[in-house]
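User: I would like to go through this model with you. Could you take my questions one at a time?

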Amino acid sequence: MQTHIAKRVEIVIEAPLERRLTTALTKAGVTGYTILPVLGGSGRSGQWTLEGQVGRAGMVSVVCLIKPERLDTLLEAAYRVVEKHIGVVSITDAHVVRAERF
Amino acid sequence: MQTHIAKRVEIVIEAPLERRLTTALTKAGVTGYTILPVLGGSGRSGQWTLEGQVGRAGMVSVVCLIKPERLDTLLEAAYRVVEKHIGVVSITDAHVVRAERF
Amino acid sequence: MQTHIAKRVEIVIEAPLERRLTTALTKAGVTGYTILPVLGGSGRSGQWTLEGQVGRAGMVSVVCLIKPERLDTLLEAAYRVVEKHIGVVSITDAHVVRAERF
Amino acid sequence: MNEILSLTGANLISPIILSFALGLVAALARSELTIPEAVAKGMSIYLLFAIGFKGGVAVSAHGIDTTLVLSLVAGVVLSFGLPMLAFGMLRLMTGLSNIDAAAVAAHYGSISIVTFVATTSVLKGQMIDSEGYMVAVAAVMEAPAILSALWLVARSGSKAKMEPDLMRELMLNGSIVLLVGSFFIGALTGEKGLAEISPFIVAPFKGVLCLFLLDMGLIAGRGLRQSKKVLSVGAVAFAIAMPLVSSFIGLLVGMLIGLSLGGIVLLMVLCASASYIAVPAAMRVALPEANPAIYLTLSLGVTFPFNLALGIPLYLAIAQTVTGA
Amino acid sequence: MNEILSLTGANLISPIILSFALGLVAALARSELTIPEAVAKGMSIYLLFAIGFKGGVAVSAHGIDTTLVLSLVAGVVLSFGLPMLAFGMLRLMTGLSNIDAAAVAAHYGSISIVTFVATTSVLKGQMIDSEGYMVAVAAVMEAPAILSALWLVARSGSKAKMEPDLMRELMLNGSIVLLVGSFFIGALTGEKGLAEISPFIVAPFKGVLCLFLLDMGLIAGRGLRQSKKVLSVGAVAFAIAMPLVSSFIGLLVGMLIGLSLGGIVLLMVLCASASYIAVPAAMRVALPEANPAIYLTLSLGVTFPFNLALGIPLYLAIAQTVTGA
Amino acid sequence: MNEILSLTGANLISPIILSFALGLVAALARSELTIPEAVAKGMSIYLLFAIGFKGGVAVSAHGIDTTLVLSLVAGVVLSFGLPMLAFGMLRLMTGLSNIDAAAVAAHYGSISIVTFVATTSVLKGQMIDSEGYMVAVAAVMEAPAILSALWLVARSGSKAKMEPDLMRELMLNGSIVLLVGSFFIGALTGEKGLAEISPFIVAPFKGVLCLFLLDMGLIAGRGLRQSKKVLSVGAVAFAIAMPLVSSFIGLLVGMLIGLSLGGIVLLMVLCASASYIAVPAAMRVALPEANPAIYLTLSLGVTFPFNLALGIPLYLAIAQTVTGA
Ligand SMILES: Nc1ncnc2c1ncn2[C@@H]1O[C@H](COP(=O)(O)O)[C@@H](O)[C@H]1O
Ligand SMILES: Nc1ncnc2c1ncn2[C@@H]1O[C@H](COP(=O)(O)O)[C@@H](O)[C@H]1O
Ligand SMILES: Nc1ncnc2c1ncn2[C@@H]1O[C@H](COP(=O)(O)O)[C@@H](O)[C@H]1O
Ligand code: NA
Ligand code: NA
Ligand code: NA
């Protein structure tokens with residue numbers, strides 16, 4: 001099947017910043033993303049778990065598939081939000097079906 | 001540690017179609033997959049969130065690790081289900097431990 | 001934007017073993033990981049779903065981003081836990097922003 | 001007339017309606033107030049179980065009669081027929097495509113169990129009895145409308161996906177199974193069974209309904225905020241005209257088969273209400289080309305609050321006037 | 001005999017049993033009816049908290065006596081011992097491997113708190129009192145069986161993973177902590193504490209139990225549908241013979257230590273029931289080579305419904321006959 | 001003094017406090033007992049809805065007066081002012097950075113609705129009436145403290161992110177909207193509305209509060225276990241001194257504006273309690289450089305249990321002594 005190259009960007013960010021990140025992505029022209037829940041994790045700021053939490057606690061994982069040429073715009077937009085916060089950004093090479101969508 | 005090449009296919013698809021997709025995958029000989037919940041997202045059909053939803057709403061993310069030579073069969077099976085629906089398919093090169101499983 | 005190469009390791013493992021896996025990772029010097037919930041899946045041990053389950057049932061997906069040179073240590077630590085259990089380990093090449101974190 | 005207004009007024013300041021309004025306003029003001037999906041699903045399971053059970057107990061107490069059978073048959077026929085009417089009205093009043101119109105029509109042939117439940121609360125407040133088996137009528141009206149919609153699409157030349165699996169899925173969908181199942185449990189265990197679990201399914205029922213309607217308000221508000229563009233004036237007019245027309249049909253049918261006043265009002269509400277839980281999911285499978293923003297916003301964002309706030313007291317007043325009760 | 005039958009009949013048409021049956025049938029018919037995991041966990045937390053609390057209040061009202069201590073000791077000994085019996089029976093009746101047989105045995109030495117809870121409902125319906133501390137006996141019987149199973153495996157030459165962490169995990173597993181903790185809260189706050197929260201933990205209890213059993217039925221049905229292949233006739237026979245045998249042992253021990261009729265029945269049920277929440281999770285850690293489909297299906301798919309529908313009235317009738325109450 | 005002790009004793013063995021203690025102990029012992037996030041959120045929604053509604057009903061019954069307006073103004077002023085005091089005390093007592101101190105200060109200017117709710121339970125147990133609108137005071141005290149904290153940071157030269165969006169988010173945050181909204185619903189529907197849903201929001205309230213506090217105990221315990229290192233003696237001392245000082249300010253203000261005994265105690269508790277739900281989320285957005293482990297542990301791990309176990313009876317005793325009631 002015909003596929004097209006793309007980049008898969010995964011941003012793990014604090015839940016209270018979710019709306020800020022997606023707004024920034026949208027402003028940077030990224031219209032497609034998927035938000036996955038995160039149960040817990042560990043990093044420089046320690047270990048945490050979602051269990052029993054109330055309010056906008058925890059983190060979410062935002063996954064974007066984009067055309068490679070738009071990667072830098074996305075990363076800059078994302079980075080401005082993540083910068084001072086707890087969070088991780090990773091990029092993988094990917095292929096997508098239906099390139100017209102990205 | 002000894003690893004083996006594989007493909008990681010990630011299919012984000014509407015929840016009401018989950019069973020159809022996994023049935024199609026199984027028919028195409030894909031016996032291993034993992035289903036992750038999705039909290040929300042955005043695409044050409046707009047923005048959505050799972051919060052407060054009742055019934056079979058939202059989307060799920062289905063991740064398959066397979067031998068590279070079986071990628072095309074999988075994609076065709078998946079594509080037939082996703083085709084007319086809302087959803088995204090992406091493929092990444094991966095390595096797996098315990099190749100005998102795939 | 002400046003990025004750095006890394007490995008993205010994804011370990012799908014039974015929920016009752018989550019703490020053992022993260023302890024093993026921490027002992028092996030892996031300090032960063034993110035745990036995602038899993039809704040269901042299929043593999044050699046059959047099909048399963050989280051729905052309605054009580055107790056420590058189901059599986060979780062543990063994602064680690066690490067420097068390539070530390071991959072082997074991580075895999076060995078993870079493998080010792082996963083070995084006799086139900087579960088899958090996959091590795092992808094990735095890039096990360098803020099390399100000092102990994 | 002005065003009575004209608006005062007009933008409407010009383011209805012509007014009930015905790016149930018105000019909870020829905022709170023959700024609506026919160027979502028429109030973009031508050032981050034949300035109810036977790038699992039909690040919303042849990043409440044819907046509770047409501048379905050309780051309403052089914054109580055219906056079954058009522059039947060076990062009052063016995064089965066021909067009206068019951070007639071009501072069930074009427075329910076199936078109405079659910080099959082109303083989409084045709086809705087489809088016709090949509091073609092007249094809006095510029096929706098065949099497929100979108102058929103998808104919307106399916107929702108209006110099916111029912112909203114929450115509107116039904118809210119009506120039973122109003123009836124109880126007014127001390128008006130109703131046939132316990134109306135719950136079963138609600139259950140049989142859920143699915144047939146979907147088949148009509150697929151037939152409408154097929155007729156107009158497009159290809160609807162009527163997969164073998166779909167029929168089974170429709171008949172065994174979660175809410176039907178729970179409603180029918182708990183109806184049978186209630187019918188089998190009767191008053192004795194009800195006595196055992198009434199502190200769970202009767203006493204707190206209305207309070208749970210409030211929180212559930214808060215959630216519905218949140219979802220409806222989010223929907224309205226996002227789909228302002230897809231809603232034409234004609235579509236909104238349809239979403240208000242349709243329940244008026246179909247409640248009238250429900251009134252006629254209810255009188256024809258000899259339902260009590262309460263039963264007539266419930267049948268009117270079943271006809272007038274539109275699905276927003278079971279049918280949307282079925283449409284994503286069967287008519288994926290239809291735009292969910294349209295049918296969800298019309299059914300949950302317009303018709304649902306219309307029925308809840310104005311429709312229920314109106315239908316009750318009409319039924320009271322017409323039946324002379 | 002007639003009494004047994006009528007009691008069984010009455011038991012079978014209780015909302016609790018019928019809810020389980022509804023779940024079972026829905027799952028076997030492949031309905032998509034499901035209860036969210038969080039809701040199911042929430043209900044189990046509610047049930048454990050309520051049952052523990054009420055047990056504690058009962059003890060605070062009736063005081064501590066030697067029978068209490070004897071019962072706790074008996075519970076521990078039974079939980080250690082019953083797996084040996086189960087293992088022996090499994091080797092005789094089935095072709096299961098050592099490891100699978102040990103894993104199954106662990107489940108039958110441990111207990112099912114839901115079966116226990118359902119029994120207290122039946123006893124209450126029959127106005128039969130029981131010792132409040134039987135809840136504590138239930139708690140102490142949860143874990144020891146796991147150690148026996150590991151010992152059985154070790155003895156037969158395979159290497160079971162008895163990690164240092166495992167013991168702490170077993171003793172501090174969620175359901176034990178909640179049961180014992182709320183037992184102490186109930187014992188400390190007594191009738192006064194109960195009065196404060198009884199509209200939450202007493203009145204709606206049975207209704208919550210119905211929904212929880214609906215969920216158990218769904219899980220059991222799904223399990224049965226998927227593991228038809230792994231179930232031999234011998235294994236199914238074991239899953240029915242074992243509770244009969246172990247309830248008999250429970251009867252003897254209960255009479256020996258001087259429990260009341262209600263207490264004897266509860267001890268019989270604790271012996272007869274098999275775990276399907278705590279032990280499966282422990283087995284995944286300790287005996288990963290054992291096949292979960294086998295032990296889960298036997299304990300939740302066969303023994304649990306057997307006890308619920310037939311076992312409880314049977315054990316009650318036997319205890320009544322034997323003790324002459 | 002004797003009375004204080006006996007009240008404290010009675011308070012300590014209430015199911016509410018013991019449930020919190022159970023959670024704390026379970027988490028410190030590293031039990032795997034957990035409550036699903038969705039269930040915890042569901043309980044918090046229930047509690048906010050119930051407390052707001054009941055407050056509104058109380059206002060509709062007793063009417064509005066100048067004290068109400070004064071109380072609301074006082075609440076806003078206190079919420080703005082207390083962070084300054086807290087900041088000063090933190091600079092004296094601890095070595096926290098400006099940013100960490102400001103973030104902690106924001107929590108102590110805001111309020112803990114659960115502490116408020118627990119206090120209403122204690123007051124009700126003592127048959128002490130209080131002003132229904134204190135719920136509204138609680139709502140207005142949630143957000144202002146955050147602005148003070150940002151101002152403190154800005155003044156000290158660091159750049160706090162006061163985005164345009166943040167203000168709206170603060171005012172429309174989930175708990176404020178739910179509390180104020182249900183307050184209005186209660187005020188509008190009055191006793192009649194309450195009668196309809198009281199089996200849901202009144203009867204089981206205390207029981208739900210127990211389970212919610214069990215969860216708070218689990219979270220607090222997990223927090224304490226992990227942040228032993230970040231907690232200096234000075235910081236812990238602050239977390240106990242601050243509520244004492246600010247409850248005293250609340251006492252003065254409450255007497256000044258002429259609140260009843262119950263109202264004074266509630267205002268003291270609002271001043272003395274620290275937020276651990278709304279403010280932490282706001283801080284992650286507004287002051288991301290502040291260390292969450294510090295403010296969460298102080299507010300939920302130290303001040304919350306202190307208030308719950310010792311603070312509430314102490315403030316009540318002081319208020320009784322001072323007002324001579
Ligand atoms: N190396 C990593 N791999 C995967 N996830 C990570 C990694 N480092 C951090 N995270 C995630 O990001 C969160 C915050 O990380 P940190 O800012 O380092 O405390 C953690 O709780 C994890 O969920
Ligand atoms: N570029 C993308 N990257 C990641 N997820 C996407 C992307 N586009 C769409 N999605 C996901 O797929 C769903 C449907 O997309 P669409 O069919 O474009 O409306 C969205 O709600 C997202 O969850
Ligand atoms: N090829 C695969 N791709 C993705 N996930 C898999 C795959 N194989 C197994 N899994 C996941 O791992 C679990 C256990 O697999 P298994 O040990 O093969 O039964 C499954 O239920 C899936 O969630
Ligand atoms: Na209808
Ligand atoms: Na047993
Ligand atoms: Na305060």
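User: Which residues coordinate the sodium ion (ligand 6)?
Analyst: The sodium ion (ligand 6) is held by Tyr108(F), Ser110(F), Leu270(F), Cys271(F) and Ser273(F), each through its O atom, at 2.4 to 2.7 Å. Donors are N, O and S atoms within 2.8 Å of the metal, or 3.2 Å for Na, K and Ca; water is not among the atoms, so sites may look incomplete. This is a predicted model, in which local features need pLDDT of at least 70 and side-chain atom pairs pLDDT 80 or more, while totals for chains, interfaces and linings use all residues, and side-chain values use heavy atoms without hydrogens or water. Residues are numbered from 1 along each chain as its sequence is written, with chains lettered from A and ligands numbered from 1 in the order in which they are written.

User: How are the donors of ligand 6 spaced along the chain?
Analyst: Their spacing is Y-x1-S-x159-L-C-x1-S. Tyr108(F) belongs to helix H5 (residues 98–109) of chain F and Leu270(F) to helix H13 (residues 261–272) of chain F, so this pair ties together parts 162 residues apart in sequence. Helices are DSSP runs (H or I, at least four residues), numbered from the N terminus.

User: Is Tyr108(F) buried or exposed?
Analyst: Tyr108(F) counts as buried, at 1% relative accessibility, and Leu270(F) is buried at 0%. Buried means under 20% relative accessible area, with a 1.4 Å probe and protein chains only.

User: And what are the protein donors of the sodium ion (ligand 4)?
Analyst: They are the O atoms of Tyr108(D), Ser110(D), Leu270(D), Cys271(D) and Ser273(D), lying 2.4 to 2.7 Å from the ion. Ser110(D) sits in the loop between helix H5 (98–109) and helix H6 (113–125) of chain D, and Leu270(D) in helix H13 (residues 261–272) of chain D, so the pair links parts 160 residues apart in sequence. Ser110(D) counts as buried, at 0% relative accessibility.

User: Changing topic: at what angle do H3 and H10 of chain F cross?
Analyst: The axes of helix H3 (residues 37–62) and helix H10 (residues 174–201) of chain F cross at roughly 70° and come within 5 Å. That makes H3(F) roughly perpendicular to H10(F), a term for angles of 65 to 115 degrees. Axes are lines fitted to C-alpha atoms over the stretch in contact, and angles run from 0 to 180 degrees between N-to-C directions.

Note on methods: Helices (H or I, at least four residues) and strands (E, at least two) are DSSP runs, numbered from the N terminus. Buried means under 20% relative accessible area, exposed over 50%, partly exposed in between (1.4 Å probe, protein chains only). Angles under 35 degrees count as roughly parallel, over 145 as roughly antiparallel, 65 to 115 as roughly perpendicular and the rest as oblique.
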